[in-house]
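The tour below goes from one selection to the next.

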Amino acid sequence: MAGTRNTAIAVVLAALALTATACNDNNDDKTAAAPPSSAAAGTTAPAGAAPTTSAAAPAKLTPAAFLEQVTRKTGAAKSAKISEDISVAGTTMTGQGAVSWADGLQGDVTMDMSGSPLGKVLSALTGGESAPYRYTKDAMYLRLGGNAVQAVGGRHWLHYDKATMAKASGGGADQLKNADPVQGVRNLIASGKVTEVGQEAVNGKPATHYTGQLTQADIANAAGKGLTDDQLEQTRKNLAAAGIASEQIDVWVDADQLVVKRAEQGDTKSGPFKVTVTYSDYGTPVTTAAPDPADTVEPSELAKLDKGGAAS
């Protein structure tokens with residue numbers, strides 16, 4: 001049972017890692033007209049001359065240029081409520097919570113696995129078919145429940161530092177570095193293939209849908225396209241660690257230039273994945289603190305208990 005349960009944990013961690021990095025952007029879209037280009041100004045008439053009325057028409061921003069503005073506006077919002085649907089290698093789950101990206105990724109997200117057979121396996125740890133997760137800027141914690149709490153001496157949180165989380169999920173050790181809601185938008189810009197699909201409704205409000213395909217080759221040629229060298233290298237590592245050769249990225253942006261929905265899909269070495277996240281209530285308060293160390297348990301300790309027949 002312990003091996004199957006560890007598989008359930010790994011699947012959830014892989015899904016959360018996708019959400020926190022390559023998949024963690026802010027969803028979606030914009031439908032308002034692009035602001036006029038600063039270069040599209042009329043010429044100044046000489047002194048004494050009749051004023052000219054033929055100013056150049058405002059230049060429409062390209063989708064990539066507009067999304068650059070979206071990254072700045074969304075990034076400055078600092079926090080939002082999220083709702084997500086995730087499918088990884090045939091395992092489906094949904095999530096609800098609120099996150100902040102003001103200082104690394106922080107917040108609380110509860111993953112519901114009742115639609116997956118692994119939900120019942122995970123319940124040995126959590127006391128139910130949901131997984132309450134807490135993000136701090138350098139770690140993640142899973143809230144324990146049921147008999148698992150007694151098995152670990154009354155402690156309530158399973159602690160994953162960055163290295164342990166990377167090992168469990170098959171990702172890179174810096175998965176939480178640069179984890180913010182606009183990373184997916186930056187990746188879309190870096191692809192160099194941004195297409196404006198058109199107007200669609202998200203949460204009952206108009207939004208503009210943008211799409212693109214990101215490949216390993218795009219990353220190699222993306223210098224100067226919205227990502228720093230460090231961000232490009234991190235994106236390359238994330239894709240390589242998950243075995244993703246190509247992924248489709250879709251974002252929807254509202255009239256306030258905020259991402260309201262994001263979707264990413266592709267194939268990993270473990271199977272196909274798709275993550276869809278919607279964002280709302282930008283600026284919502286997020287006050288997340290790491291649990292008391294005395295109330296936490298390490299995965300290595302849990303593994304020892306499993307070998308002894310406890311907490312299975």
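Helices (H or I, at least four residues) and strands (E, at least two) are DSSP runs, numbered from the N terminus. This is a predicted model: local features need pLDDT of at least 70, side-chain atom pairs count only at pLDDT 80 or more, and totals for chains, interfaces and linings use all residues. Residues are numbered from 1 along each chain as its sequence is written, and side-chain values use heavy atoms, with hydrogens and water left out.

**Stop 1: T296.** Select strand β12, residues 296-297; T296 sits there. T296 is buried, at 12% relative accessibility (buried means under 20% relative accessible area, exposed over 50%, partly exposed in between; 1.4 Å probe, protein chains only). Now show P293: its backbone oxygen lies 2.8 Å from a polar atom of the T296 side chain. Beyond four places in sequence, T296 is in contact (heavy atoms within 4.5 Å) with Y141, R155, W157, H159 and P291.

**Stop 2: Q69.** Move to helix α2, residues 63-77, and pick Q69. Q69 is buried too, with a relative accessible area of 18%. Its side chain makes a polar contact with the side chain of Q257, at 3.4 Å (a pair of N or O atoms within 3.5 Å, one able to donate a hydrogen and the other to accept it; residues adjacent in sequence count only if both atoms are side-chain atoms).

**Stop 3: L67.** Which residues have the most contacts inside the largest nonpolar core? They are L67, L158 and Y210, in a core of 46 residues. Such a core is a set of buried Ala, Val, Leu, Ile, Met, Phe, Trp, Tyr and Cys residues joined through side-chain atoms within 4.5 Å. Select L67: beyond four places in sequence, its contacts are V185, L188, I189, V194, Y210, V251 and V253. Finish at a second, separate core of five residues, among them V202, A207, V260 and A263.
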